[in-house]
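Please look at the sequence and the model before reading on.

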Amino acid sequence: MSARVPPLAIHRTGLVTSVGYTAPTSCAAIRCKLTNPSETRFIDSNGEWIMAHQVELEKPWRGLTKLAKMAAMAIDEALHDIPKKDWVRIPLLLCVAEKDRPGRLDGLDNQLFGMVQEELGVRFHERSAIVAHGRVAVAAALSMARGLMEQGIPYVLIAATDSLVTWPTLSVYEREGRLLTPTNSNGFMPGEGAGALVVGRPAGAPCLYVTGLGFSIEKAHISSDEPLRGDGMAQAFKAALAEAGIQMHDVDYRITDLSGEQYYFKEAALALSRILRVRKEEFDIWHPAECTGEVGALAGASVLAVANAACRKSYTKGPNIIAHMASDLGNRSAINLQWSV
């Protein structure tokens with residue numbers, strides 16, 4: 001572990017997905033590889049109903065309202081043992097879809113935060129912010145949380161909420177041949193949900209620590225014509241591992257946002273081949289999206305919540321974990337995690 005970068009501790013989590021409305025139920029379902037896809041209100045170009053991993057709430061809310069309600073549920077779970085009067089001291093870093101995401105909802109940057117606060121009936125710290133980086137947003141928020149804690153803030157709340165189950169989004173991905181359908185196996189099933197992480201300094205109890213962060217840009221992104229070599233993800237891996245002071249062969253398993261497209265599985269394999277220098281008999285890779293669908297900005301919170309549950313429930317493959325996420329436009333992130341008692 002690098003002495004120059006103090007670790008962040010993940011103290012509590014909250015998770016709302018199509019397979020569970022809390023972190024324990026969602027993570028248990030993901031551990032058992034349960035899925036819950038259902039028909040949407042939309043059809044593809046072949047006249048087939050588009051399937052998705054949808055979160056069914058009390059009422060058929062849509063748009064910003066549904067995002068706010070899902071986020072409020074996850075936040076309330078993560079902060080349930082902290083009195084609401086103290087929430088004003090906690091900055092909220094709210095992770096949402098990147099600005100170039102097809103079908104991105106209007107109001108994500110200037111309305112959603114207020115709607116979440118209104119739903120919860122609270123106000124968060126003035127240093128709160130929107131983090132609009134899609135699948136790599138949670139990793140970016142962890143980097144921001146480090147800076148806030150260096151300024152004396154003891155805890156930071158990172159929340160993410162997103163949905164790909166809207167026609168403006170689905171129609172673009174369907175035209176591009178990126179949705180999983182009966183005639184296309186090289187695609188993802190869209191999903192939605194919300195997650196929350198309370199991070200802070202180590203408190204002495206057994207905990208999952210963020211010991212390294214790495215970021216990079218992949219020029220050969222999924223829409224590029226350049227040959228894919230996995231350079232961007234490899235650089236992110238190297239940076240995260242260097243901060244943690246370990247090598248890739250020290251990592252026990254990987255957990256990632258992979259959701260079904262061959263491009264991203266190929267990239268993960270290429271990046272690993274560039275930095276793994278010691279042969280491992282087994283190097284498992286977990287991808288919760290096989291149960292929850294492609295969840296956009298929620299991806300980072302989802303993989304960290306699953307890793308945290310695995311460690312706390314003692315079904316982890318080992319104490320050293322690396323999580324990695326990738327956006328369609330080339331942003332790459334890696335998070336080195338370590339379970340410690």
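## Lysine 33 and its loop

Lysine 33 sits in the loop between α1 (23–31) and β2 (38–43). Helices (H or I, at least four residues) and strands (E, at least two) are DSSP runs, numbered from the N terminus. Although lysine 33 is not a glycine, its phi is positive, at about 60 degrees. Lysine 33 counts as exposed because its relative accessibility is 55%; buried means under 20% relative accessible area, exposed over 50%, and partly exposed in between (1.4 Å probe, protein chains only).

## Basis of the model

This is a predicted model, in which local features need pLDDT of at least 70 and side-chain atom pairs count only at pLDDT 80 or more, while totals for chains, interfaces and linings use all residues. Residues are numbered from 1 along each chain as its sequence is written, and side-chain values use heavy atoms, with hydrogens and water left out.

Helix α9 covers residues 299–312, and its 14 residues should span 20 Å at 1.5 Å a residue. The expected span is 1.5 Å times one less than the number of residues in the helix. The end C-alpha atoms of α9 are 20 Å apart, so the model agrees with that expectation. Helix α9 is mostly covered, with 13 of its 14 residues buried.

Serine 314 follows α9 and lies in the loop between α9 and β11 (320–326). Serine 314 is not a glycine, yet has a positive phi of about 65 degrees. Is serine 314 buried or exposed? Serine 314 is exposed, since its relative accessible area is 64%.

## Helices α2 and α3

Helix α2 (residues 63–78) packs with helix α3 (residues 112–120) at an angle of about 55 degrees, and their axes are 9 Å apart. Therefore α2 is oblique to α3. Axes are lines fitted to C-alpha atoms, for helices over the stretch in contact, and angles run from 0 to 180 degrees between N-to-C directions. Angles under 35 degrees count as roughly parallel, over 145 as roughly antiparallel, 65 to 115 as roughly perpendicular and the rest as oblique. The crossing of α2 and α3 is right-handed; a crossing is right-handed if the near helix is turned clockwise from the far one by less than a right angle, and left-handed if anticlockwise.

Residues of α2 in the contact (heavy atoms within 4.5 Å) include Leu64, Thr65 and Ile75, and those of α3 include Leu112, Met115 and Glu119. By class, this contact of α2 with α3 has ten nonpolar, one polar and three charged residues. Ala, Val, Leu, Ile, Met, Phe, Trp, Tyr, Cys and Pro count as nonpolar, Asp, Glu, Lys and Arg as charged, and the others, Gly among them, as polar.

Threonine 65, in helix α2, counts as partly exposed because its relative accessibility is 31%. Threonine 65 and proline 319 are 254 residues apart along the chain, and their C-alpha atoms are separated by 39 Å.

## Helices α6 and α7

Helix α6 (residues 231–244) and helix α7 (residues 262–275) pack at about 55 degrees, with axes 8 Å apart. Hence α6 is oblique to α7. The crossing of α6 with α7 is right-handed. Among the α6 residues that meet α7 are Asp231, Phe237 and Leu241, and their partners in α7 include Glu267 and Arg274. The contact of α6 with α7 holds seven nonpolar, no polar and four charged residues.
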